[in-house]
Amino acid sequence: MSDPVIAVRGLGKTFGATRALDGLELDVPEGTVCGLLGPNGAGKTTLVRILATLVRPDRGEARVCGHEVRGEAAAVRRVIGLAGQYAAVEEGITGRENLELLGRLHHVGAARARARAAELLGEFGLEEAADRLVRGYSGGMRRRLDLAASLITRPRVLFLDEPTTGLDPRSRREIWSAVRELAAQGSTVLLTTQYLDEADRLADRITLVDRGRAVADDTPQRLKAAIGTRVEITLPEGADLDRAGAVLAVLTGGAPAVDAGQGRVGAVSDPARELNLPRLVRELDAAGMVALDVALRTPSLDDVFLALTAGVKEELAA
Amino acid sequence: MSPLMTMPVDAAASARRILLVYRHSPGLLLSSLLVPVAMVGVFGYVFGSAMDVPGGGYREFLMPGLFAMVALNAVMPAMVGGARDAGRGVTDRLRSMSVSRLGLLTGQTAADLLVAAVVLVPTGLVGLAAGWRIRHGLGSALGAFGLLLLFRFACGWLGTALGLAVGKEETAGQLAVLTIPFSMLTSAFVPTGGMPGWLAAIADWNPVSAVVEACRQLFGNPSAPGDAWPVQHPVAATFGWCALLLAVAVPLAVRNFARSGR
């Protein structure tokens, strides 16, 4: 196997009293999409900023295409593209002018900058808006322009820091299809997100980050398989939800979550346990309870996330 | 390519950005133009009606002060622009690219000089209509405008350095308003001789006063400088102040750019 395009070893960064990164490890092979998933403050953005040479780490090592981010920052900058949480574009000029200016700053020459800008405007469906001021663009259009701006040199490695935060569903899907397209063309993408469905749809591998460390790293499917089955019971009004929760706890070995408003009790089973529907119904019956609905599901990444990052539940629920 | 080699290209692209913004929003230029023109009216005629200065009319005394204000006014847009770029991720994107930071910032500040030149011309024309005169020949007058642009350049760097340090557009906007009282603590609008001693000393040592007195000297306009060295030797002092400002602000701006958002 060839060397990973992004290789991070024991990376640490402290801001004042906050330990943003605490010995993080990460390998991203060429041509894959890696999803960095974690709550606010987990260290995702700090990691991207270090890899994009914007922040210097306190300790550890980070390499992009073999170049160390501290010692060989200039070489790193030549192979990366960055699209951040904000649409980092000049509002007072047109979309086309934004891309042309960045092309010039990538030193491709004025003619090449013009041609590349036109290409990208086409690829991102911005032809019609190309000669309007960015000030008048919608949020989704700005993000698309921002993404296009990060692709002027067809970078080998692309960092996307929460590219769809704050966007409407349609704009999110547009960004998603653009990212898939890029990955199909062979770019290596490191994507941070708070949205589990986003990571699920885009990433070949997911790295869960919590408190500055990578707590899990696997394919979305295997991460989900690793944590057993999700059970959800809906009970009629007035039923003793806590008692149902106790039944579930015994059966699944997991901690039950009670949603009193919906009359629902759920838990994720210990993966080592065999769980089946008839047994579940029998046990409820034995406890004198009749469920309106009983469901067994493959867990969502939410479940994986909660199982692996105990203690950050409040943040995720917020 | 090393950042040193790309510096002219980066500076040109960065200057182009600023000029494009002005081209798309003519109102921006118009508003920075209307302010000094309105001030000729407000200060020249409203305050001037009650003002006596030795050696000539108040409006002729005032015009170099207004020119210096135009130069000082580079601080505001540079500060707000720097903070906006830092706050919205534009600085991050540029820093993640292989570009010359000094080139980028120089381009911006140089483009601003063109804007200043465009503002100075109509301000001067209005001044001429209000009774201001160039009395020591064209050479001296061009020298005065040269000094004004030099001061504007230094102020642009200062604004950029401060804006990048602040990093928040709103905060920068509020801080930038402080340039107004700063410009009042000078000999631009009234001779410092009538101020209390301590205040006169502050005003005489204000770099804006040196610029104002240098212009009065070079245009041959009435003036009543204090005894302090900078206003007694205003041309040398202006060069000195600008050199000092640039020596501090340029490295500071490049450093703040490199550390933005860290």
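Helices, of at least four residues in the H or I state, and strands, of at least two in the E state, are taken here as DSSP runs and are numbered from the N terminus. The model described is a predicted one. On this basis, chain A holds twelve helices and 14 strands, and its C-alpha trace spans about 80 × 45 × 40 Å along the principal axes. Of the 318 residues of chain A, 46% count as buried, and among the contacts in chain A with a separation of 6 or more, 66% are made by residues 24 or more positions apart.

Helix H9 of chain A, which covers residues 241-252, has twelve residues and reaches 16 Å from its first C-alpha to its last, close to the 16 Å expected at 1.5 Å a residue. Just after H9(A), A:Gly253 takes a positive phi of about 75°. Within the helix, A:Ala244, A:Leu248 and A:Thr252 are buried, a residue being called buried if 20 or more other C-beta atoms lie within 10 Å of its own. These three residues are on the same side of H9(A) because they cover an arc of only 55° around the axis. The face of H9(A) turned away from this buried side carries A:Asp242 and A:Val250, which are exposed. The buried residues of H9(A) are covered by elements of chain A that include strand E11 (230-234), strand E13 (264-268) and helix H10 (277-286).

Two of these covering elements, E11(A) and E13(A), belong to an open sheet of four strands in the order E12-E13-E11-E14 (chain A), with antiparallel pairing. Strand E12 (257-259) and strand E14 (293-297) of chain A stand at the edges and have a single partner strand each, so one side of each is left without a neighbour in the sheet. Direction ignored, neighbouring strands of this sheet are turned by 15° against each other on average. Between E11(A) and E13(A), the antiparallel pairing extends over five bridges, and A:Thr234 stands opposite A:Arg264 in E13(A). H9(A) lies across E11, E12 and E13 of chain A and runs at about 15° to E13(A).

Another open sheet of chain A is formed by six strands in the order E6-E7-E8-E3-E9-E10, and its pairing is mixed. Its edge strands are E6 and strand E10 (213-218) of chain A, each of which pairs on one side only. E6(A) pairs with strand E7 of chain A (residues 157-161) in the parallel sense over four bridges, and the bridge partner of A:Ile80 in E7(A) is A:Val157. Helix H1 of chain A (residues 44-51) packs on the sheet, where it touches strand E3 (33-37), E7, strand E8 (188-193) and strand E9 (205-210) of chain A, its direction making about 150° with that of E8(A). Helix H6 of chain A (residues 169-184) also packs on the sheet and touches E3, E7 and E8 of chain A, and its direction likewise makes about 150° with that of E8(A).

Between the chains, 22 residues of chain A are in contact with 23 residues of chain B. On the side of chain A that touches chain B, helix H2 (73-77), strand E6 (80-83) and helix H3 (95-105) of chain A each supply at least two residues, and H3(A) gives the most, with four residues. By class, this side of chain A has twelve nonpolar, five polar and five charged residues.

Notes
Residues are numbered from 1 along each chain as its sequence is written. Chains are lettered from A and ligands numbered from 1 in the order in which they are written. This is a predicted model: local features need pLDDT of at least 70, side-chain atom pairs count only at pLDDT 80 or more; totals for chains, interfaces and linings use all residues. Two residues are in contact if their C-beta atoms, placed from the backbone, lie within 7 Å. Ala, Val, Leu, Ile, Met, Phe, Trp, Tyr, Cys and Pro count as nonpolar, Asp, Glu, Lys and Arg as charged, and the others, Gly among them, as polar. The expected span of a helix is 1.5 Å times one less than its number of residues. A residue is buried if 20 or more other C-beta atoms lie within 10 Å of its own, exposed if 12 or fewer, and partly exposed in between; C-beta atoms are placed from the backbone. The arc is that of the directions from the helix axis to the C-beta atoms. Two strands pair if DSSP finds at least two bridges between them. Axes are lines fitted to C-alpha atoms, for helices over the stretch in contact, and angles run from 0 to 180 degrees between N-to-C directions.
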